[in-house]
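Visitor: I would like to learn how to read a protein model, one feature at a time. Could you take me through the one shown here?

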Amino acid sequence: PVPPLRRGFFLWRRASMAYPGGVIVLGIDPGLANLGLGLVEGDVRKARHLYHVCLTTESAWIMPRRLQYLHEEVSRLIAEYRPDAVAIEDQILRKQADVAFKVGQAFGVVQLACAQAGVPVHTYGPMQVKRSLVGTGRAEKEQVIYMVKATLGVRELFNNHAADALALALTHLASAPMQSRVAAGLAVIG
């Protein structure tokens with residue numbers, strides 16, 4: 001039996017009603033055994049924590065079942081919260097081919113769920129996330145978790161994968177204004 005997705009705080013109003021110009025961003029830390037999900041709402045100046053969870057698959061499950069579970073749960077979360085964007089960690093695992101392959105499979109089913117829902121996907125590397133939240137790409141994991149908690153006002157201790165997912169969502173909020181300016185510049189040129 002597969003445990004149901006735990007429900008977090010749900011806001012029925014759209015982000016623009018809660019924070020003018022705000023968006024809902026789903027951050028995803030991909031992994032086959034542990035997949036972190038974190039939702040934030042707001043903009044670069046003010047962000048609010050909506051939900052976080054770490055989806056876990058059992059190693060005894062056959063691979064198609066593990067991937068199906070991740071796809072179903074990510075799809076359900078997207079349908080429930082209707083994020084405006086998804087931020088996924090783009091990991092480069094060169095030394096551990098077997099780990100990279102499994103993470104790649106989880107990355108693929110997450111991308112599929114986003115494509116099916118029509119949600120734009122943005123990828124960020126670990127150094128980008130650290131630089132965005134702490135100011136240096138060489139920050140320690142504890143520093144990133146501290147900044148996530150401080151920024152969102154979350155005091156509870158939570159899974160590192162969920163913390164990474166929230167960090168990705170915050171990174172997207174911080175970089176979204178820059179992406180908008182670049183897109184506007186390209187529209188003027190084109």
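This is a predicted model: local features need pLDDT of at least 70, side-chain atom pairs count only at pLDDT 80 or more; totals for chains, interfaces and linings use all residues.

Guide: Residues are numbered from 1 along each chain as its sequence is written, and side-chain values use heavy atoms, with hydrogens and water left out.

Visitor: Is Tyr69 buried or exposed?

Guide: Buried means under 20% relative accessible area, exposed over 50%, and partly exposed in between, with a 1.4 Å probe and protein chains only. Tyr69 has a relative accessible area of 4%, so Tyr69 is buried, whereas Val23, at 25%, is partly exposed. Of the 190 residues of the protein, 44% count as buried.

Visitor: Which elements does the protein have, in order from the N terminus?

Guide: Helices (H or I, at least four residues) and strands (E, at least two) are DSSP runs, numbered from the N terminus. The protein has 6 helices and 5 strands, and their order is α-β-β-β-α-β-α-β-α-α-α. Val23, for instance, lies in strand 1 (residues 23–29).

Visitor: At what angle do helix 4 and helix 5 pack?

Guide: Two packed helices are described by the angle between their axes and the distance between the axes. Helix 4 (residues 126–134) and helix 5 (residues 141–152) pack at about 50°, with their axes 9 Å apart; the axes are lines fitted to C-alpha atoms over the stretch in contact, and angles run from 0 to 180 degrees between N-to-C directions. Angles under 35 degrees count as roughly parallel, over 145 as roughly antiparallel, 65 to 115 as roughly perpendicular and the rest as oblique, and helix 4 and helix 5 are therefore oblique to each other.

Visitor: Which residues does Asp164 contact, leaving aside its neighbours within four places in sequence?

Guide: Contact means heavy atoms within 4.5 Å. With those neighbours left aside, Asp164 is in contact with Asp29 and Lys141. Asp164 is found in helix 6 (residues 160–189) and is buried, with a relative accessible area of 14%.
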